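Visitor: Hi, could you walk me through this one?
Guide: Happy to, let's bring it up.

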Amino acid sequence: MHQLVMANVAQGYLKYTRRKVLVIGLLSILSVFLGVYAINAGSAELTPVQVLQTLLGQVEGQAQVIIWNIRLPRVLAAFTAGAGLSVAGCVMQNILRNPLASPFTLGVSQGAAFGAAVAILALGAGSTHSTGADAVLINNPYLVTCSAFLGAMAATLIILFLARVKGVSPEAMVLAGVALGSLFSAATIILQYFASDVQVAAMVFWTFGDIGRASWRDLELMATVTGAGLLYFMANRWNYNALDSGEETAQGLGVQVEKIRLTGMFIASLITAAVVSFLGIIGFIGLAGPHLMRRVIGGDHRFLIPAAAVTGGFLLLASDTVARTVISPVVLPVGAITSFMGAPLFLYLLSRGYRKR
Amino acid sequence: MILAVDGLEFSYNSHAVLRDIKFAVARGEFLAILGNNGAGKSTLLKCLNKILKPRRGTIMIEKDNIFNLSRLEVARKMGYVAQMYESGRVTVFDAVLLGRKPHIKWDVSPRDLEVVQRVLRVLDLEGFSLRYLDELSGGELQKVIIARALAQEPGVLLLDEPTSNLDLKNQLEVLKTIKGAAREENLAAVVVMHDLNLALRFADKFLLLKNSTVFACGGMEIMTPENLTAVYGVPVTLARMGPIPVIVPFIPGGP
Ligand SMILES: Nc1ncnc2c1ncn2[C@@H]1O[C@H](COP(=O)(O)OP(=O)(O)OP(=O)(O)O)[C@@H](O)[C@H]1O
Ligand SMILES: [Mg+2]
């Protein structure tokens, strides 16, 4: 009898973890459907069947050009960026022990945008135009990303310094993030002011994000950085789990807390920089993705990290599709849509408070 | 001796907290660390577990000086339960499984699951295994945290006030479990305690801390009214109820 109960405990647990895998699988399938729908949606008259045929290389002509050169990179960029921002937020929340942390709320995104703006406007790595479709043209994506990374790291280092000061509350850290974000945004605007031909469209790019102009080359770089970051985070999933039970407990379990924190923030900033360089600032995905999944499947990072990635990708893809189609043919800035979704969540997190033992 | 400490000295910045600490514990022994609030008991435990780095002194676990071991190697040999703990949104099973972390290479093995299951049964937590930690009472949570340290299968178990949140029955049960683990799994338990009577009932050895140093260390023979009066600054007498030793504090001017 006791033997039976014993077997059931571990089996029950395994069943419980398999449910999490199932959730991740379902979300992935949903994302694929959403992707096909997003490729299909828009002004060119396409059917889902045509989309699939084109993706499989069975159709030639205009549809192929639209899908391969415009729609598909856009959909993939939205998903990749969403996944990247979401895992970056997930890990930041863990290693800073702050549920309000994310690239956007801590000013890391704004730092990256400033870095990218410096590269594009001052170092000649790109140019700006007045048309909405190509507001910001990047000629040298590596220089832009590196510069964005330096900007992101500047914000990150200040946040890390604050995290070391004992007794800084999560709210205070976010306030510091808001201050940093405003500072970097102001610096970006001043930079634009001195650059001669910056137009409104470019301003929108740096404050609300724009997924429309990701090329295959940009996408490649973004996907490589995000993918590598995701692998690194997954390799450290047990360390993040240990950190959730407190710094000293984690040390007692063999975690080199300081090292994990530094490298984690470094990688999260790198992902943020890659995304922001090409797509501008997109807020709240890094908050919404991980928190939704923490509710649904819990805080075990073995499952939370991949789940947050898929959810973030899904959310940004959905937001972008809404931005493109809601008052078609006008394309809204995607960051405006994500803010509509994310800001209420942020307020909810603030009002709920956090239980600490 | 599985754990031997010699000449240990520690200070927070310039504020000296521990000096000239020397003691040793053998496998199977239950050592109670006793002393006033702020005496440095938690600090000592953190030094033992390499969370804090002492100024001076050696800490040997079996044949290794812990300063030559990596954090992970220390975690395979010592389990630590902090005085305060936090928890994420995970289940009891997840939390205890985390104790296997120092042994897990990439993924959980059947043996890891088996160990967790056994520990859950020993602490009578099986019924809670899929409950989230934030849905437990303080005492249940405390048992889970102890279960995690046991799942680590350490040679030395460091516990900082493991019974502070527990009711009488669970205090006895948890201490009995720790004592049983010390005997059966042949590990040394180093336990910070405040309840002298429970210490007398369960511990084999006692370490009295006073003025940042060891006042006395040894078996029952050091638990004299004189020593305890000196350490706690309160006059006490040692009575016996049948075979059970009981410490009774004397309250000046009180009842
Ligand atoms: N992080 C710290 N920085 C500076 N001083 C500290 C720190 N932690 C503890 N102390 C001081 O070191 C001394 C010993 O503290 P410790 O926590 O080891 O005491 P304790 O014996 O565990 O007390 P208690 O029974 O209340 O838990 C105290 O005087 C305390 O004020
Ligand atoms: Mg203490």
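The chat below goes through chain A as a whole and then a few spots in chain B.

Guide: A word on conventions: this is a predicted model, where local features need pLDDT of at least 70, side-chain atom pairs count only at pLDDT 80 or more, and totals for chains, interfaces and linings use all residues. Residues are numbered from 1 along each chain as its sequence is written, chains are lettered from A and ligands numbered from 1 in the order written, and side-chain values use heavy atoms, with hydrogens and water left out.

Visitor: How many helices and strands does chain A have?
Guide: Chain A has 14 helices and two strands; helices (H or I, at least four residues) and strands (E, at least two) are DSSP runs, numbered from the N terminus. Its radius of gyration is 21 Å, close to the 21 Å from the globule rule for 357 residues, so chain A is as compact as a globular protein of that length. That radius is taken over C-alpha atoms, and the rule is 2.2 Å times the number of residues to the power 0.38.

Visitor: How much of chain A is buried?
Guide: Buried residues are 55% of the 357. Buried means under 20% relative accessible area, exposed over 50%, and partly exposed in between (1.4 Å probe, protein chains only).

Visitor: Switching topic, what coordinates the magnesium ion?
Guide: B:Ser42 (OG) and B:Gln83 (OE1) coordinate the magnesium ion (ligand 2), at 1.9 to 2.3 Å. Donors are N, O and S atoms within 2.8 Å of the metal (3.2 Å for Na, K and Ca); water is not among the atoms, so sites may look incomplete.

Visitor: Where do those two sit in the chain?
Guide: B:Ser42 is in helix 1 (residues 41-48) of chain B, while B:Gln83 is in the loop between strand 6 (78-81) and helix 3 (92-97), 41 residues apart. B:Ser42 is buried at 17% relative accessibility, whereas B:Gln83 is partly exposed at 37%.

Visitor: And helix 1 of chain B, is it enclosed or open?
Guide: Eight of its eight residues are buried, so helix 1 of chain B is largely enclosed by the rest of the structure. After this helix comes B:Lys50, with a positive phi near 65°.

Visitor: What does B:Ile33 touch?
Guide: Leaving out residues up to four places away in sequence, its contacts (heavy atoms within 4.5 Å) include B:Leu44 and B:Leu45 as well as B:Val190. B:Ile33 lies in strand 3 (residues 30-34) of chain B and is buried, at 0% relative accessibility. The C-alpha atoms of B:Ile33 and B:Val190 are separated by 7.1 Å, though the two are 157 residues apart along the chain.
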